Amino acid sequence: MEEEIQKMKEIVLIYLDRSGGLQKFVHDCKKYNDSKQSYAVYHFVISINPSDIAELDATLGNYILHNPIKAAEIFQSVCFVAIKTLSLIEQLQTEAQISILLKPTHLPPLPSYILSLSAFPFNYTSHRFYMSEGIVIAMGIVTKYTQGARFLCTEETCPFSEGFRYIRVHLPGATESATVRNDFVCSLCSSPLQEDMKFRVLGDKQIVEMIDAKVLNALKGYSNNKSHFRIQAFTVFLRDELANRMTIGNRYKIIGIPTCVQNGPQATACIEVSSVQLCKPNGPSFIGENFKYLLSLTSNSCWRFTAMLANIFASQVVPPGTYNTLKLAVLLSLVQTCEKESADYLDLLVVTSDTLVIDRLLNYSICLLPRGIRHPSSSDIFPSVSKDKHGTGSASIQAGSVLLAKGGICYIGDLCTYKKDKLELLQSVLESRTTTLFIPGKKYGEEADQQVTIPVQTNFWSYVDVDSSSKKHTLKDSFLIGQMDLNLLPPNLLDVFGLLIYDEFPSCRLSFPLVHHVLTKAINPEATLYRVSQQFRTQDYEEFILFAKNLRVEMSSEPENLIQGYYLASRRVRRDSMHGSNLSASALKILISLSKAHTKLSLRKKVLEEDALIAILLLESSLTLKHGKSALCIEPNALFPFDLSNENSLHQRDIYLQKCHHHLLKFISAYSPGIHVNANEE
């Protein structure tokens with residue numbers, strides 16, 4: 001065995017020399033040596049490639065993968081000899097003062113190295129490296145822990161009453177009391193040991209809660225997947241240089257050693273993390289053949305493809321040809337989802353008297369995204385602060401639905417069910433795209449209060465039930481033409497939602513196809529009622545949305561001028577002497593976001609005037625519901641004035657939209673004459 005260990009030490013030295021690890025080690029030693037200060041523990045992080053080591057020596061490779069604590073001792077011995085031989089740290093006295101953290105670059109892609117967080121039992125007894133993946137749902141603030149400590153014998157005549165014989169170093173899974181206690185005794189004279197406090201080495205520690213990504217399927221509220229699975233959150237310890245490497249709501253791949261931490265009568269399974277890697281979702285590089293064929297059939301118009309997409313979308317929950325404006329807005333919001341902080345967001349607020357159908361439609365739609373979350377009423381929408389449950393007493397930030405939906409959609413249901421304080425918080429988040437948490441230091445054992453600002457990178461969907469109040473919410477023709485009475489909600493909250501959509505069918509006069517669909521589905525939920533449901537399956541739409549949302553589009557000058565002209569003209573006509581303009585500054589961002597979304601949905605990479613026209617008509621319809629008609633005076637159902645039953649109806653719609661474009665140019669030239677737009681004389 002001694003010969004085997006000696007051989008492994010030689011291989012370690014060869015590997016460190018070849019991989020550049022020795023050069024980094026020497027550089028780290030120089031920092032300690034230059035400080036001229038004696039430490040109880042000298043901490044080193046060594047990055048290792050298990051594949052390269054296994055090629056050099058299979059035994060050492062097996063040691064690192066399956067017995068990492070023993071492997072760290074071999075690296076510790078090699079590092080100690082290197083320090084003494086090269087005189088790298090003059091203050092170092094014993095080998096026990098060296099603490100080595102092995103950081104694998106990867107693990108073999110085999111099932112035995114993957115720790116499934118939704119499988120039982122949770123294997124935490126092997127104390128070897130595992131790879132796991134999950135979403136951060138809670139995160140504690142960074143606190144201190146004892147990385148290493150020096151103990152001395154209390155008997156003055158004992159040789160171990162001085163020097164660095166007794167060094168305690170943190171090991172994976174060890175609690176603070178396991179590293180530092182007052183019941184240690186000297187192995188030579190059996191006298192009590194006492195810690196030399198001035199040599200205690202502290203490190204940073206952060207406790208993170210993660211959960212398997214499968215939890216997202218359970219939070220969608222609607223799914224075709226009938227499989228059942230167990231979901232359990234697990235604790236992750238980030239120490240030293242890994243502290244603050246994770247962001248709440250993100251998905252990470254981690255490598256670490258599972259262990260069990262005892263906290264009084266409770267035992268908690270956790271993972272001591274060695275390396276952290278952010279998981280970046282890769283969308284499909286293709287779309288279905290049926291979508292390609294539909295795109296080729298509609299290639300002679302910039303409007304037909306998206307019109308047909310909206311017409312046949314969600315045929316599993318509503319008949320084709322119904323709720324087309326809402327379905328187009330839903331598709332635009334789906335493709336305009338991104339995890340970047342500077343992303344263009346597109347929030348939807350639906351005004352309806354038929355909440356059942358609208359709820360089903362929105363619920364179905366969020367399932368098309370990996371991060372589509374239906375907010376459960378039993379939990380918080382926004383992040384909250386609570387005490388850490390691992391006995392530290394420090395603050396822990398809980399994600400809430402909005403951070404779980406990062407880069408996706410957070411569907412919060414009926415807006416009228418929320419209290420005033422929640423609506424005010426929602427308005428603040430929609431305006432700033434951030435949420436701020438106050439952490440009182442006194443309550444959580446900290447010296448000073450803290451304020452944490454977290455970016456909110458998600459689109460919000462909600463609806464308003466116009467029949468939920470005794471007050472009737474109907475079109476007030478006697479006041480402003482087209483305006484809807486929405487006094488149930490604060491007007492500022494209505495303004496911060498990107499789009500306000502009113503469904504076409506009041507509950508008192510539902511169309512026959514819709515009634516037939518609802519009744520048939522109630523009798524036979526698995527029934528396929530339309531041919532398009534087979535041609536364009538839910539899975540096909542999932543792939544299409546993921547492909548379209550990852551397209552990078554750029555704005556050209558023509559649509560930009562059209563948007564700017566409409567914006568300035570609308571600010572001028574939607575103005576009163578008391579309150580100024582009804583059009584907020586955020587409307588410009590919404591128009592640009594809508595234009596880009598329509599370009600993505602059309603599978604193009606350059607925004608055209610046709611995209612800008614769709615954006616303007618959608619926003620003008622929304623403004624009409626809020627504030628009444630303007631001088632632009634668009635039709636009530638501006639985007640789908642008639643049913644799309646055949647090619648002729650698509651052609652008629654194109655002619656209608658061209659007239660809308662011409663009418664828009666006249667509107668801009670009349671009320672914003674300083675803006676140059678391209679007028680088509682045809």
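User: Let's begin with the rings. How many aromatic pairs does the structure hold?

Analyst: There are 17 aromatic pairs. Keep in mind that this is a predicted model.

User: Why is the pair of Phe 313 and Tyr 364 called tilted?

Analyst: Their ring centres are 6.1 Å apart, and rings pair if the centres lie within 6.5 Å. The planes sit at 55°. Stacked would need under 30 degrees and edge-to-face over 60, so the Phe 313 and Tyr 364 pair is tilted.

User: What makes that a link between distant parts of the chain?

Analyst: Phe 313 and Tyr 364 are 51 residues apart. Phe 313 is in the loop between α9 (304-312) and α10 (324-335), whereas Tyr 364 is in helix α11 (residues 355-366). Both Phe 313 and Tyr 364 are buried.

User: And what about Phe 667 and Tyr 671: why is that pair tilted?

Analyst: The ring centres of Phe 667 and Tyr 671 are 5.3 Å apart with planes at 45°. Phe 667 and Tyr 671 are four residues apart in helix α21 (residues 647-671), so about one helical turn separates them.

User: Which rings are linked into a cluster?

Analyst: Ring pairs join Phe 291, Phe 305, Phe 313, Tyr 364, Phe 536, Tyr 541 and Phe 544.

User: On to the nonpolar core. Which residues have the most contacts inside the largest one?

Analyst: Leu 334 and Tyr 566 do, in a core of 86 residues. Helix α20 gives the most to this core, with nine residues. Beyond its neighbours within four places in sequence, Leu 334 is in contact with residues including Phe 313, Leu 368, Ile 409 and Trp 461. Another core, of 59 residues, lies apart from the largest one, and Val 136 and Ile 254 are among its members. As background, nonpolar side chains tend to be buried together in soluble globular proteins.

User: Which elements give two or more residues to the lining of the largest cavity, and what is its volume?

Analyst: The volume is about 80 Å³. Helices α19 (586-601) and α20 (609-627) each give two or more residues to the lining, and α20 has the largest share with four. The lining has 13 residues, with Asp 495, Ser 584, Ala 587, Leu 623 and Lys 626 nearest the centre. By class there are six nonpolar, five polar and two charged residues.

User: What makes the phi of Ser 87 worth a mention?

Analyst: Phi is about 55° there, a positive value, although Ser 87 is not a glycine. Ser 87 is in the loop between α5 (68-86) and β2 (98-104). Its relative accessible area is 54%, and exposed means over 50%, so Ser 87 is exposed.

User: Why is Ser 190 called exposed?

Analyst: Ser 190 has 56% relative accessibility, and the cut-off is over 50%, so Ser 190 counts as exposed. Its phi is near 65°, a positive value in a residue other than glycine, and its place is in the loop between α6 (176-179) and β6 (193-195).

Notes. Residues numbered from 1 in each chain as written. Predicted model: local features only at pLDDT ≥ 70, side-chain atom pairs only at ≥ 80, totals over all residues. Heavy atoms only, no water. 1 Å grid on protein atoms, 1.4 Å probe; cavity = no way out; pocket = protein on both sides within 12 Å on 5 of 7 lines; lining within 4 Å. Points joined across faces, edges and corners; volume = space filled by probe spheres on them. Nonpolar A, V, L, I, M, F, W, Y, C, P; charged D, E, K, R; others polar. Core = buried A, V, L, I, M, F, W, Y, C linked by side-chain atoms within 4.5 Å. Buried < 20%, exposed > 50% of the residue type's maximum accessible area, 1.4 Å probe, protein only. Contact = heavy atoms within 4.5 Å. Phe/Tyr/Trp six-rings, centres within 6.5 Å; stacked < 30°, edge-to-face > 60°.
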